[in-house]
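Thanks for making the time this morning.

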Amino acid sequence: MIERTAASAALSSNERLVLWGMRAWMAGVKAEVAVTDALARTFADLGAEAAVPTLDSTMALLHAAGVNVFHHPWCRCLGDEERLLLDVLAQHQRGEDGAALFLTRLLLPPSGARLLGPGLHALAMALLACGVRLTGGRTRSMPGTGLAHWAPSTMTLQ
């Protein structure tokens with residue numbers, strides 16, 4: 001049986017920052033509140049404020065694609081889809097773009113994954129340029145074994 005949530009405490013501080021940023025952005029959209037300034041201030045604490053415009057545009061793409069799977073910003077849970085997005089960004093940072101695209105296809109149909117891929121790649125590189133390296137995938141234990149046990153709860157097989 002797939003584990004539906006995992007403690008976000010197992011994430012690195014960089015991963016928690018990015019997860020919080022994605023969650024805060026989505027919470028802002030749902031509440032119709034601008035959060036870009038709050039994101040910039042928080043990311044500035046780690047010298048990563050230059051990544052906020054790319055986070056903003058990538059989150060807009062995710063939202064437009066219907067990827068709205070984020071918990072409340074302060075929730076201690078970690079959803080499968082949230083973990084998957086962190087791993088996609090980590091794959092891009094390691095230059096494993098094909099693997100990142102494959103993982104993105106667990107969230108979206110192939111055409112959507114291809115359209116969203118450049119935005120996720122840009123976000124991964126913007127974070128890396130600011131010194132925010134994500135470990136994801138290889139170093140974090142995943143529920144089950146292999147990608148067959150890693151599918152998000154909202155995935156539809158065709």
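Predicted model: local features only at pLDDT ≥ 70, side-chain atom pairs only at ≥ 80, totals over all residues.

**Helix 5 and its buried face**

Let me begin with helix 5, whose buried residues are Ala100, Leu103 and Thr104. If you look down the axis of helix 5, these buried residues fall within an arc of 100 degrees, so they line one face of the helix. As for what covers them, the cover includes helix 4 and helix 6.

The largest nonpolar core has 41 residues, and the members that touch the most other members are Met22, Leu39, Phe43 and Leu127. Two or more residues of this core come from each of helix 1 (13-31), helix 2 (36-44), helix 3 (52-64), helix 4 (80-93), helix 5 (97-104) and helix 6 (110-129). Which helix gives the most to this core? That is helix 1, with 8 residues.

Leaving aside residues up to four places away in sequence, leucine 127 touches Val18, Phe43, Ala51, Leu89, Gln93, Val132 and Leu134.

Now to the aromatic rings, where the count comes to 1 pair. The two rings belong to tryptophan 20 and tryptophan 74, and because their centres are 6.0 Å apart with the planes at 40 degrees, the pair is tilted. Tryptophan 20 sits in helix 1, whereas tryptophan 74 is in the loop between helix 3 and helix 4, so the pair ties together parts that are 54 residues apart in sequence. Are the two partners buried or exposed? Tryptophan 20, at 14% relative accessibility, counts as buried, while tryptophan 74, at 64% relative accessibility, counts as exposed.

A polar atom of the arginine 23 side chain lies 3.4 Å from the backbone oxygen of histidine 72. Again not counting residues up to four places away in sequence, arginine 23 touches Phe70, His71, His72, Pro73, Cys75, Cys77, Leu78 and Glu82.

That is where I will stop, and I am happy to go back to any of these views.

Key
Residues numbered from 1 in each chain as written. Heavy atoms only, no water. Core = buried A, V, L, I, M, F, W, Y, C linked by side-chain atoms within 4.5 Å. Buried < 20%, exposed > 50% of the residue type's maximum accessible area, 1.4 Å probe, protein only. Helix = DSSP H or I, 4+ residues; strand = E, 2+ residues; numbered from the N terminus. Contact = heavy atoms within 4.5 Å. Phe/Tyr/Trp six-rings, centres within 6.5 Å; stacked < 30°, edge-to-face > 60°. Arc of directions from axis to C-beta. Polar contact = N/O pair within 3.5 Å; in protein donor to acceptor, adjacent residues only side chain to side chain.
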